[in-house]
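Please open the structure in your viewer and keep the sequence beside it. The stops below tell you what to select next and what to look for there.

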Amino acid sequence: MKAYKTLGTGMHADLPGHGFVLIDRQGVVRWAKNYPSMRVDPRYLLNTAKTALKAHK
């Protein structure tokens, strides 16, 4: 969380959020998003990840 600056980016300061971070092989964050509802459809996440990766090819 500290390495990718995601700590405290959610609903609560100083705590991990309910989010996802997509990191490429070089360690670069390609996509990140917090979801306050704490529930995200896995198919949506997979499609979002694929789209984010394609954008950086």
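A residue is called buried when its relative accessible area is under 20%, exposed when it is over 50%, and partly exposed in between, using a 1.4 Å probe and protein chains only. By that rule, buried residues make up 18% of the 57 residues in the protein chain.

This is a predicted model, in which local features need a pLDDT of at least 70 and side-chain atom pairs count only at pLDDT 80 or more, while totals for chains, interfaces and linings use all residues. Residues are numbered from 1 along each chain as its sequence is written, and side-chain values use heavy atoms, with hydrogens and water left out.

**Stop 1: the whole chain.** Colour the chain by pLDDT, the predictor's confidence in each residue from 0 to 100; the average is 77, and 70% of the residues score at least 70. Where pLDDT is low, the predicted coordinates should not be read in detail. Now show the cartoon, where you will find one helix and two strands, arranged along the sequence as β-β-α; helices (H or I, at least four residues) and strands (E, at least two) are DSSP runs, numbered from the N terminus. Confidence is highest in helix H1 (residues 42-55), at a mean of 85, and lowest in strand E2 (residues 29-34), at 80.

**Stop 2: Asp24.** Select Asp24, which lies in the loop between strand E1 (19-23) and E2. Is Asp24 buried or exposed? With a relative accessible area of 14%, Asp24 is buried. The side chain of Asp24 reaches the backbone nitrogen of Gln26 at 2.9 Å.

**Stop 3: Asp41 and Arg43.** The whole structure holds two salt bridges, and in one of them Asp41 pairs with Arg43, with the closest N and O atoms 2.8 Å apart. Here Asp41 is partly exposed at 30% relative accessibility, whereas Arg43 is exposed at 61%.

**Stop 4: the core.** Finally, select Leu22, Trp31, Tyr35, Val40, Leu45, Ala49 and Ala52, the seven residues of the largest nonpolar core, meaning a set of buried Ala, Val, Leu, Ile, Met, Phe, Trp, Tyr and Cys residues joined through side-chain atoms within 4.5 Å. The largest share of this core, three residues, comes from H1.

Conventions
A polar contact is a pair of N or O atoms within 3.5 Å; within protein, one must be able to donate a hydrogen and the other to accept it, and residues adjacent in sequence count only if both atoms are side-chain atoms. A salt bridge is a side-chain nitrogen of Lys or Arg within 4 Å of a carboxyl oxygen of Asp or Glu.
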